[in-house]
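Hi,

Here is the structure you were waiting for. Please open it alongside this email; my notes follow below.

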Amino acid sequence: MSQNVMITGTGRAVGLGYNLVLRYLEAGDNVVATVRQRSEELESLQEQYKDKLTILTMDIGSTESVEMAASTLMKKMDHLDLLINNAVTASRDCDKGFFDADLDLITHTLDIIAVGTMRVVKAFYPLLVKAEGTALIMNISSEAGSIEKCYRTNMIDYGMGKAALNMATMNLYNTFKDERKVNIFAIHPGWIRTDGKADNPAPLSSYEAAGILKDLFAERREDFTGHRFITNEGVDYPF
Ligand SMILES: NC(=O)c1ccc[n+]([C@@H]2O[C@H](COP(=O)([O-])OP(=O)(O)OC[C@H]3O[C@@H](n4cnc5c(N)ncnc54)[C@H](OP(=O)(O)O)[C@@H]3O)[C@@H](O)[C@H]2O)c1
């Protein structure tokens, strides 16, 4: 049976979000793809998949924008089975170390990666609880968000954002787990050529990574007991 799937940050054809959209459309699901602004790549998918694809404009840095997108979707769709929080940002100083990075840039990255994801969960929760079975939220995190495994001295804003996203995931899991209507995980999606460059040494294209994740998400929907931070291979990863 087809499911209703929403994915954030989907405008770039070489990115993971867009390729998740493509994978679920290919499987016959109804897909809601969110973007901040018009994306020609996504609109050409719309020509192909017509009503199976809904494109929503939403800036996850703005509660007003997220709530408006949710109320627009509620007029069209009566539930969501799967929400994939994929949208991400990083500051221009992401590659710099502590002494060179402008620390004031961290706030925005944290706001988008962690708080932005929670804004989305809060606004779309009424649609998730209306799913027939268990609805699933998959927060696309990163190994860079693991405090225990941290080895870097750069990527401070991105790493802090993903660590905060992992904490948000655990807090929301505790909030939802007794009712068992909504399940939630944070996932490291693998090392992916999300810049679309052939010389990128990452082993997975975004399309390959999206296929692996799609299968894993289906397996984990009803898992309320396992570890909350996992890799794309389904292996527990330390917070
Ligand atoms: N590449 C890897 O090896 C790797 C490893 C670990 C984790 N990840 C994670 O995998 C995910 C996908 O990465 P990707 O590079 O392929 O990204 P992507 O799927 O292209 O998605 C990123 C999108 O997020 C959107 N975004 C930024 N700020 C936003 C905001 N305020 N509101 C709404 N959307 C916003 C951007 O949209 P605009 O077009 O509007 O700017 C951008 O297109 C990310 O969560 C990333 O952290 C990747």
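**Ligand shell**

The shell of residues around the ligand splits into 11 nonpolar, 13 polar and 3 charged. Here Ala, Val, Leu, Ile, Met, Phe, Trp, Tyr, Cys and Pro count as nonpolar, Asp, Glu, Lys and Arg as charged, and the others, Gly among them, as polar. There are 27 residues around the ligand, and Gly-9, Gly-15, Gly-17, Arg-36 and Thr-194 come nearest.

**Before you read on**

This is a predicted model: local features need pLDDT of at least 70, side-chain atom pairs count only at pLDDT 80 or more, and totals for chains, interfaces and linings use all residues. Residues are numbered from 1 along each chain as its sequence is written.

**Helices H4 and H5**

Helices (H or I, at least four residues) and strands (E, at least two) are DSSP runs, numbered from the N terminus. H4 covers residues 106-128 and H5 covers residues 156-176. They pack at an angle of about 25°, with axes 8 Å apart. Axes are lines fitted to C-alpha atoms, for helices over the stretch in contact, and angles run from 0 to 180 degrees between N-to-C directions. H4 and H5 are therefore roughly parallel (angles under 35 degrees). On the H4 side, the contact includes Ile-106, Leu-110 and Ile-113. On the H5 side, it includes Tyr-158, Met-160 and Leu-165. Contact means C-beta atoms, placed from the backbone, within 7 Å. By class, this contact has 13 nonpolar, 3 polar and 2 charged residues.

**Three loop residues**

Asp-81 sits in the loop between helix H3 (63-74) and strand S4 (82-85). Asp-81 counts as buried because it has 22 C-beta neighbours inside 10 Å. The cut-offs: buried is 20 or more other C-beta atoms within 10 Å of its own, exposed is 12 or fewer, and partly exposed is in between, with C-beta atoms placed from the backbone. Leaving aside neighbours within four places in sequence, Asp-81 contacts Gln-3, Asn-4, Val-5, Ala-131 and Ala-135.

Most residues other than glycine have a negative phi. Met-155 is not a glycine, yet has a positive phi of about 55°. Met-155 lies in the loop between strand S5 (135-140) and H5. With 23 C-beta neighbours inside 10 Å, Met-155 is buried.

Arg-180 also has a positive phi, near 60°. Arg-180 is in the loop between H5 and strand S6 (182-188). Arg-180 counts as exposed, with 11 C-beta neighbours inside 10 Å.

Best wishes

Terms used. Parallel < 35°, antiparallel > 145°, perpendicular 65-115°, else oblique. Contact = placed C-beta atoms within 7 Å. Near = placed C-beta within 6 Å.
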